[in-house]
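Subject: Structure handover and findings

Hi,

Here is the structure I promised to pass on. Please open it alongside this message, and then read the notes below.

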Amino acid sequence: MSQAQAATTSSGNGSSSSGSYVIPPGRLGNLTPEQQTTLDQFRTDLSSDANFPWTPARHDDATLLRFLRARKFDLVRSKEMIYAAEKWRKEFGVDDIVANFKFEEKEEVNKYYPQFYHKTDKEGRPIYIEVLGKLDVGKLYAATSEDRLLKRLVLEYERFLTERLPACSRVVGHPVETSCTILDLNNVGLMQFYKVKNTVMEAAKIGQDYYPECMGKFYIINAPYLFSGVWGVVKMWLDEVTVKKIQIMSNGHKEVLLKQIDAGNLPSEFGGSCRCAGVGGCSLSDAGPWHDVPAASAGATSATASTSAPAPATT
């Protein structure tokens with residue numbers, strides 16, 4: 001049993017010491033005997049395989065469980081998934097991206113395609129926001145390239161796992177393993193969307209195949225009338241579990257979002273009260289508890305980091 005698992009093990013009902021928090025099924029501390037056996041075998045097989053790049057810090061039990069849940073604890077299919085993910089990491093150069101990639105064009109790209117993390121929802125999840133309504137394809141690709149957008153995406157996924165989730169876990173006192181995403185389609189033109197369709201599809205594949213089980217809540221707001229046609233295309237690239245986590249709204253999103261997010265954490269353009277004045281606005285502020293994480297702990301994964309989290313002051 002790993003340290004992270006020991007810290008979150010319950011008496012069998014999924015409860016933890018963090019107040020009223022209930023550990024979701026299939027997570028550390030709330031596994032069936034069969035799931036625990038599968039996890040143990042998964043860990044043993046990977047760590048003993050000379051052809052697998054086993055890294056204890058990166059392949060902790062919480063990470064292994066993300067792949068197992070994504071494949072419904074089918075050991076063979078989970079192995080296929082994680083081996084494919086490691087092959088992709090090597091080919092795409094993820095370690096080099098983490099060490100060396102700089103997205104200097106962030107402020108310029110933000111004018112035409114805002115993509116940003118901003119504070120947390122009521123369950124402690126980091127909030128991730130994309131605003132497609134400001135998309136100007138010509139100016140976007142004059143400022144950057146599809147390759148650099150995807151590298152930025154991968155860098156943000158890595159930071160999400162190693163910096164944002166551990167910080168959020170410390171704040172609430174239990175593991176936070178998923179995000180709350182808002183995709184704003186206000187004023188989106190279908191022709192513009194189709195011009196970046198390949199980038200969107202590749203981004204969806206990266207998230208689903210190589211960073212599984214990171215989505216907690218996903219709100220698509222201000223969906224235009226014709227979005228159903230686009231959604232039909234996008235949905236084909238997503239698995240059934242992912243699709244079920246997505247809520248699409250043409251209007252009335254303010255009330256829904258405020259049930260999930262405190263007004264002070266939600267940018268004003270979506271119905272909240274936050275403006276992040278003085279730092280370029282919410283889309284450039286990167287406001288959130290991840291800036292308070294001690295540097296020595298920044299490399300810990302979400303579940304491991306939460307083992308030393310204080311009691312509460314929650315993909």
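Setting aside neighbours within four places in sequence, Thr-199 is in contact with Tyr-141, Glu-146 and Leu-150. Thr-199 sits in helix 10. Its relative accessible area is 9%, so Thr-199 is buried. Keep in mind that this is a predicted model.

**Helix 3**

How many residues of helix 3 are buried? The count is 10 of its 10 residues, so helix 3 is mostly covered. The buried residues of helix 3 include the charged side chains Asp-61, Arg-66 and Arg-69. Thr-63, Leu-65 and Phe-67 are also among them. Just after helix 3, Lys-72 has a positive phi of about 55°.

**Helix 3 against helix 4**

Helix 3 covers residues 61-70, and helix 4 covers residues 75-92. The two pack at an angle of about 125°, and their axes are 8 Å apart. Helix 3 and helix 4 are therefore oblique to each other. The crossing of helix 3 past helix 4 is right-handed. On the helix 3 side, the contact is made by Leu-64, Phe-67, Leu-68 and Ala-70. On the helix 4 side, Ser-78, Met-81, Ile-82 and Ala-85 make the contact. By class, the contact of helix 3 with helix 4 has 7 nonpolar residues, 1 polar residue and no charged ones.

**Helix 2 against helix 4**

Helix 4 also packs with helix 2, which runs over residues 33-47. Here the angle is about 40°, with the axes 11 Å apart. Helix 2 and helix 4 are therefore oblique to each other. Their crossing is right-handed. Helix 2 brings Thr-38, Gln-41, Phe-42, Asp-45 and Leu-46 to the contact. Helix 4 brings Leu-75, Ser-78, Lys-79, Ile-82 and Tyr-83. By class, the contact of helix 2 with helix 4 has 5 nonpolar, 3 polar and 2 charged residues.

**Aromatic pairs**

A search of the whole structure finds 9 aromatic pairs. Two of these are worth a look.

One is Trp-88 with Phe-92. The ring centres of Trp-88 and Phe-92 are 5.4 Å apart and the planes are at 20°, so the pair is stacked. Trp-88 and Phe-92 are 4 residues apart in helix 4, so about one helical turn separates them. Is each one buried or partly exposed? Trp-88 has 8% relative accessibility, so Trp-88 counts as buried. Phe-92 has 23% relative accessibility, so Phe-92 counts as partly exposed.

The other is Tyr-117 with Phe-160. Their ring centres are 6.1 Å apart and their planes are at 25°, so this pair is stacked too. This pair links distant parts of the chain, with Tyr-117 and Phe-160 lying 43 residues apart. Tyr-117 is in strand 1 (residues 115-120), and Phe-160 is in helix 8 (residues 146-172). Both Tyr-117 and Phe-160 are buried.

Ring pairs also build a cluster. Its members are Trp-88, Phe-92, Tyr-157, Tyr-210 and Tyr-211.

**Two loop residues**

Glu-213 lies in the loop between helix 10 (197-210) and strand 4 (215-221). Its relative accessible area is 16%, so Glu-213 is buried. What does Glu-213 touch, not counting residues up to four places away in sequence? The list is Arg-27, Arg-66, Arg-69, Ala-70, Glu-177, Thr-178, Val-241 and Lys-245. Arg-66, Arg-69 and Ala-70 are among the buried residues of helix 3. Thr-63 is another buried residue of helix 3. The C-alpha atoms of Glu-213 and Thr-63 are separated by 9.4 Å, though the two are 150 residues apart along the chain.

Val-176 lies in the loop between helix 8 and strand 3 (179-184). At 3% relative accessibility, Val-176 counts as buried. The C-alpha atoms of Val-176 and Pro-126 are 8.7 Å apart. Along the chain, Val-176 and Pro-126 are separated by 50 residues.

Best wishes

Technical notes. Residues numbered from 1 in each chain as written. Predicted model: local features only at pLDDT ≥ 70, side-chain atom pairs only at ≥ 80, totals over all residues. Heavy atoms only, no water. Axes fitted to C-alpha atoms, helices over the stretch in contact; angles between N-to-C directions. Parallel < 35°, antiparallel > 145°, perpendicular 65-115°, else oblique. Left-handed = near helix turned anticlockwise from the far one by under 90°. Contact = heavy atoms within 4.5 Å. Phe/Tyr/Trp six-rings, centres within 6.5 Å; stacked < 30°, edge-to-face > 60°. Buried < 20%, exposed > 50% of the residue type's maximum accessible area, 1.4 Å probe, protein only.
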